[in-house]
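Please open the model in your viewer and keep the selection tool at hand. The stops below are meant to be visited in order.

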Amino acid sequence: TKLTKLVSSVFRKELFQSKVAIVSGGATGIGKGITQELLYLGCNVMIASRKEERLESSCKELKEWLKEAKQDNQVEYLKCNIRNEDDVKNLISGTLKTFGKIDYLVNNSGGQFLSKAENISLKGWNAVIETNLTGTFLMCREAYIQWMRDNGGAIVNIIADMWKGFPLMSHTGAARSAVDNLTKTLSLEWVHSGVRINSVAPGSSIYSETAAANYGNVKIFDQVKSTVPMHRLGTVEEVAAAVCFLLSPAAAFITGESIQVDGGQTLYITPNYEVPEHSSCPAYTWQKDLDTVGEVKDIPAVTHTKSKL
Ligand code: ADE
């Protein structure tokens with residue numbers, strides 16, 4: 001995907017000057033947006049993901065952009081499969097070697113596929129749990145052990161709109177919900193080290209070319225639009241802004257919290273999954289005649305002439 005150049009930010013230009021961040025999945029989609037905003041604000045960023053080609057080309061593109069903008073902060077990349085403990089250890093130590101510290105960790109890497117739960121194989125299930133939940137755990141743990149335990153820091157975990165269940169995404173729904181809980185637990189266990197950890201939950205309305213390519217069609221986004229009270233899709237920039245806020249001193253008193261970036265979608269009554277026509281859930285009743293179950297009977301109005309209290 002071509003770089004949409006970031007030329008301004010709602011945040012102060014030098015907000016993250018001389019800071020260091022790791023952004024997993026930072027070469028594409030939402031992660032690339034987060035990386036760009038951090039870079040624009042003066043941060044040094046290590047991007048990491050499994051696919052070296054994408055990392056290399058995004059990193060090159062971002063370096064050119066920094067040079068054009070005459071900024072002297074840096075972006076580098078390290079290949080890392082977050083499911084692999086040694087890879088994660090290596091990413092954290094490699095970042096410390098390159099930049100000398102880690103102020104921020106953004107766990108944005110993730111992956112899933114649309115499927116009914118009944119069709120998900122054990123292998124597929126495990127892969128999604130390992131990437132989204134275990135990978136995030138390993139990243140947090142290693143960043144803490146190798147740096148943040150002694151030096152503090154801020155972590156943002158990117159989750160999803162799984163608050164009311166996640167039909168056709170049971171694996172990632174379960175994993176992201178677990179990450180939300182992990183975020184709260186770690187916020188308590190690590191607060192004495194000066195570590196803040198929060199999550200950002202982008203709605204399914206956040207559009208990126210990477211997401212569209214992943215799901216194989218753009219129509220999904222058209223369908224989503226009508227479920228959003230704001231009647232539009234969300235942008236990668238709107239997710240990046242929430243992440244930057246949580247990393248910044250503006251959120252100094254915020255930990256264990258999650259921010260939904262969804263245009264109000266989760267509050268809206270329109271379901272994003274239509275239950276097929278069925279009569280598969282018979283009522284439990286003492287009545288013999290099941291057909292009348294649920295019928296509203298005339299109930300005589302009760303008028304009290306005296307208070308019973
Ligand atoms: N993006 C998707 N899956 C990943 C993984 N296992 N490691 C790093 N980035 C990823």
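What follows is a tour of ring contacts, cysteines and a pocket.

This is a predicted model, in which local features need pLDDT of at least 70 and side-chain atom pairs count only at pLDDT 80 or more, whereas totals for chains, interfaces and linings use all residues. Residues are numbered from 1 along each chain as its sequence is written, and side-chain values use heavy atoms, with hydrogens and water left out.

Begin by selecting F16 and Y104, an edge-to-face aromatic pair with 5.2 Å from centre to centre and 70 degrees between the planes. Here rings of Phe, Tyr and Trp (its six-membered ring) pair if their centres lie within 6.5 Å, and planes under 30 degrees apart count as stacked, over 60 as edge-to-face and the rest as tilted. F16 lies in the segment before β1 (20–24) and Y104 in strand β4 (residues 104–107), so the pair ties together parts that are 88 residues apart in sequence; helices (H or I, at least four residues) and strands (E, at least two) are DSSP runs, numbered from the N terminus. Both F16 and Y104 are buried, where buried means under 20% relative accessible area, exposed over 50%, and partly exposed in between (1.4 Å probe, protein chains only).

Y207, in strand β7 (residues 206–207), and F221, in helix α7 (residues 219–225), are 14 residues apart in sequence. Y207 is partly exposed at 30% relative accessible area, while F221 is buried at 3%.

Now select K13 and Y40: the charged end of K13 sits over the ring of Y40, 3.9 Å from its centre. For this, NZ of Lys or CZ of Arg must be within 6 Å of the ring centre and within 35 degrees of the ring normal.

Which cysteine sulfur is nearest to that of C80? The answer is C140, 13 Å away, too far for a bond, given that a disulfide is a pair of cysteine sulfur atoms within 2.5 Å. C80 is buried at 3% relative accessibility, and C140 is buried at 0%.

Of its 25 lining residues, the closest to the centre are T4, G33, Q36, V236 and E237. A pocket is an open set of points on a 1 Å grid over the protein atoms alone, where a 1.4 Å probe fits, with protein on both sides within 12 Å along at least five of seven lines, and lining residues have an atom within 4 Å of a point; the volume is the space filled by probe spheres set on the points, which are joined across faces, edges and corners.
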